[in-house]
Amino acid sequence: MWRVAADGCGSGERIHDINNKGGSKVQNPYLPYPVRIDSMVTETEDGNLKTLKLVFLNPEDEARFKYIPGQFAELSVAGQGEVPIGIASSPTEPGHLMFTVNKVGRVTTHLHNMKPGSVMGVRGPMGNWYPWEQLEGKNVVIIGGGFAFTTLRSSVVYMIHPENRKRFGDITVVYGARSPGLLLYRDELAAWEQRDDIKMHITVDGTKDPDWKYNIGFVPAITKEKAPSSEDAYAIVCGPPIMIKFTLPVLTELGFPPERIITSLEMRMKCGIGMCGRCNIGTEYVCKDGPVFSLTQLAALPNEY
Ligand SMILES: Cc1cc2nc3c(=O)[nH]c(=O)nc-3n(C[C@H](O)[C@H](O)[C@H](O)COP(=O)(O)OP(=O)(O)OC[C@H]3O[C@@H](n4cnc5c(N)ncnc54)[C@H](O)[C@@H]3O)c2cc1C
Ligand code: FES
């Protein structure tokens, strides 16, 4: 069975061993695993989002890189730097890692310009994950907006894997983008639409496409309209801050208590392992204690995110 185990992601397993002068092994958390770009797919019509499929150069590195949906990794380009990116593949998809990268600045532009066959680095997995042990046996409502759907894609693929599906109750997905051409993973969304064990509510803010057969409206409005039941349910919400801001009151209205509303934060990061102090909110390091938090946990933090 594909079951995630919290102890499978201990820091001892997610960092490299290197030989020191005495021949004994020490661990270097800053050393990336070398990976080859297997394929690059342009996801959106504006060309700003590309999905990279990466394959470990050394099979033993893949065995070390045990991750859980919700985690992220640092992608590195030699001579340019590193960026934290959510892991879009699922551990139920062995043989590669998948990341969807929005071109916004220096490193992400270099990532976009790389070609299949190029070698780059991956450091991780990092951070915590969605609370899979709590989600077991519960209904799960996934709410995503724009390119923040990456770790949500990982989660859906993980939950609908034949060996996992029975561990979860109803799965509802509300996913929106500004226009049809800006939705990620369109082939997969269409395939999920065909399944009878997942309720899909795809939406766009607007479209002139006469063939558009899904919803039109903002994610919070569609969530309200479809009104997924909060009974025995958790909601995982990732998206632009404005979407989250207007979705949270809807979920509260639907009866989701704050401890059952889960989100993931995207703070500026550097080390990714709780060493540099770049990402902290109050006493919490988003890279290490997060990026996944419940609303209850966020309410206890200073409003710096
Ligand atoms: C846990 C986590 C998961 C993430 N997952 C993804 C993902 O799946 N896909 C994806 O495309 N991006 C993701 N990001 C955001 C990504 O890390 C930033 O877009 C990236 O670091 C920008 O690097 P750059 O060198 O290209 O941009 P820079 O040249 O450093 O900056 C360009 C612009 O991007 C802004 N920026 C830089 N870093 C961040 C950041 N961390 N968050 C928001 N804005 C930033 C800057 O303010 C500036 O406006 C994630 C961030 C975190 C912390
Ligand atoms: S990024 Fe360095 S402490 Fe979080």
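I began with ligand 1 and found one of its oxygen atoms 2.5 Å from an N or O atom in the side chain of threonine 108. I count this as a polar contact, a pair of N or O atoms within 3.5 Å. The model is predicted, so I note that local features need pLDDT of at least 70 and side-chain atom pairs pLDDT 80 or more, while totals for chains, interfaces and linings use all residues. Residues are numbered from 1 along each chain as its sequence is written, chains are lettered from A and ligands numbered from 1 in the order written, and side-chain values use heavy atoms, without hydrogens and water.

I then looked up the backbone partners. A nitrogen atom of ligand 1 is 2.8 Å from a polar backbone atom of threonine 100. For methionine 267, I read 3.1 Å between a polar backbone atom and a nitrogen atom of ligand 1. Taken alone, ligand 1 exposes 860 Å², of which the protein buries 74% (Shrake-Rupley method, 1.4 Å probe).

I listed the shell next, taking residues with a heavy atom within 4 Å of the ligand. It holds 20 residues, and Pro84, Thr100, Asn102, Val107 and Thr108 are the closest. The elements giving two or more residues to this shell are β6 (81-86), β7 (97-102) and α2 (106-113) (DSSP runs, helices H or I of at least four residues and strands E of at least two, numbered from the N terminus). I found that β6 gives the most, with four residues.

I turned to salt bridges, defined as a side-chain nitrogen of Lys or Arg within 4 Å of a carboxyl oxygen of Asp or Glu. The count by this rule is 12. In one of them, the side chains of glutamate 93 and arginine 153 meet at 2.8 Å, N to O. Glutamate 93 lies in the loop between β6 and β7 and arginine 153 in helix α4 (residues 150-160), so the pair ties together parts 60 residues apart in sequence. I noted glutamate 93 as buried, at 18% relative accessible area, and arginine 153 as buried, at 3% (buried is under 20%, exposed over 50%, partly exposed in between; 1.4 Å probe, protein chains only).

I also looked up glutamate 136, which forms a salt bridge with arginine 167 at 3.1 Å between the closest N and O atoms. Glutamate 136 is partly exposed at 26% relative accessibility, whereas arginine 167 is buried at 7%.

My last entry is the salt bridge of aspartate 289 with lysine 288, whose closest N and O atoms are 3.9 Å apart.

Technical notes
A polar contact is a pair of N or O atoms within 3.5 Å; within protein, one must be able to donate a hydrogen and the other to accept it, and residues adjacent in sequence count only if both atoms are side-chain atoms.
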